[in-house]
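Subject: Structure for you to look at

Hi,

Here is the structure I promised to pass on. Please open it, then read my notes below alongside it.

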Amino acid sequence: MQNASATPSAIPTGQLPKPGRLSDVKGWFHPVDQVLFDWILSRQLDRSQRGDLLELGAYLGKSAIFMGAYLRADETFTVCDLFDSPAPDEANSAEMGRSYATLTRRAFEANYRSFHEGLPQIVQEPSSGITTHVEPGSCRFVHIDASHLYEHVHADIAAAREILGEGGIVVLDDFRAEHCPGVAAATWGAVASTGLKPLCITATKFYGTWGDYDAVHADLAAFLKERDDMWHGAEEVAGFPMIRISGKKAKSPDQPVSRHADETASEQPRLAPAPVAGAGGRARGLLSSLLARSRS
């Protein structure tokens, strides 16, 4: 379901992207984080943990496309982004102009439809209003990658805490980038003052929960111990043994399949991903996605 109040920008159909693989979609979503998204979302499916998915800040849809493969038929995936809408304040407007001048909703939609039959629920508004669109306690996974300004990230974290259900996971992007001090301040401030428990960190993302910590942390540590492509170590933060992960050599899990894959196959050969220990949940997610397509 789309937000009918927003009008997509006028991009000629011939200029819309037709990605043949996920790597063709512009954006930043490193293999190590794909592995962790796959592990967390697959674990939730395996344990029959119910709940919707939410992404705040989508850019052109790279991580949204990946997340969409883990959606059950009776669940909702909500994506919130300004896309072509004006920013709510002068500082946010300047940030949008610097970083996302070419951002358009139609490009996001074209990318997403390349891998999925339908679109997620799209909220084309500032993330500050997300709690009017997503019910409290309804989500099992929230990915925050919207504004990098402290006040906005602080509000996004507060919204995620309200929206997440029991045992839900929140992921924050750019929490340690030198050009995003506001994200770091808001993230660690939440750890210090709201009970957000740090599960793990990668070079770009923070993973945490306000719910049960011990079980998911133990399972994650066991999963990482089996992999030979990702270094990890523990460091106590706010009384919790947070896991630090270096994933420079991480092998990506199975990728969503594009409807344009055949069109690009002759241009660039596609290699099957090498099998790695602990990987496989992705296949279950993709199978569910393909079965859902066949029923639609």
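Start with helix H1, residues 31-46. This is a predicted model, so every value here is computed. At 1.5 Å a residue, the 16 residues of H1 should span 22 Å.

H5 covers residues 150-163 and H6 covers residues 181-193. Their axes come within 8 Å and cross at roughly 35 degrees. The crossing of H5 and H6 is right-handed. Which residues of H5 and H6 meet? From H5 come Tyr150, Val153, His154 and Ile157. From H6 come Gly182, Val183, Ala185, Ala186, Thr187 and Ala190. In this contact of H5 with H6, seven residues are nonpolar, three are polar and none is charged. An α-helix has 3.6 residues a turn, so residues three or four places apart point the same way.

Now the aromatic rings. The count comes to 14 aromatic pairs. One of them is Phe175 with Trp188. Their ring centres are 6.0 Å apart, with 70 degrees between the planes, and the pair is edge-to-face. Phe175 lies in the loop between strand S5 (164-173) and H6, while Trp188 lies in helix H6. The pair therefore ties together parts that are 13 residues apart in sequence.

Trp188 is partly exposed, with a relative accessible area of 31%.

Trp188 also pairs with Phe206. Here the centres are 5.5 Å apart and the planes are at 85 degrees, so this pair is edge-to-face. Why 85 degrees gives that label: planes over 60 degrees apart count as edge-to-face. Phe206 sits in strand S7 (residues 205-209) and Trp188 in helix H6, so the pair ties together parts that are 18 residues apart in sequence. Phe206 has 0% relative accessibility and counts as buried.

Last, find one aromatic cluster. Phe29, Phe37, Phe66, Tyr70, Phe141 and Tyr207 form it.

Best wishes

Notes:
Residues numbered from 1 in each chain as written. Predicted model: local features only at pLDDT ≥ 70, side-chain atom pairs only at ≥ 80, totals over all residues. Heavy atoms only, no water. Helix = DSSP H or I, 4+ residues; strand = E, 2+ residues; numbered from the N terminus. Expected span 1.5 Å × (residues − 1). Axes fitted to C-alpha atoms, helices over the stretch in contact; angles between N-to-C directions. Left-handed = near helix turned anticlockwise from the far one by under 90°. Contact = heavy atoms within 4.5 Å. Nonpolar A, V, L, I, M, F, W, Y, C, P; charged D, E, K, R; others polar. Phe/Tyr/Trp six-rings, centres within 6.5 Å; stacked < 30°, edge-to-face > 60°. Buried < 20%, exposed > 50% of the residue type's maximum accessible area, 1.4 Å probe, protein only.
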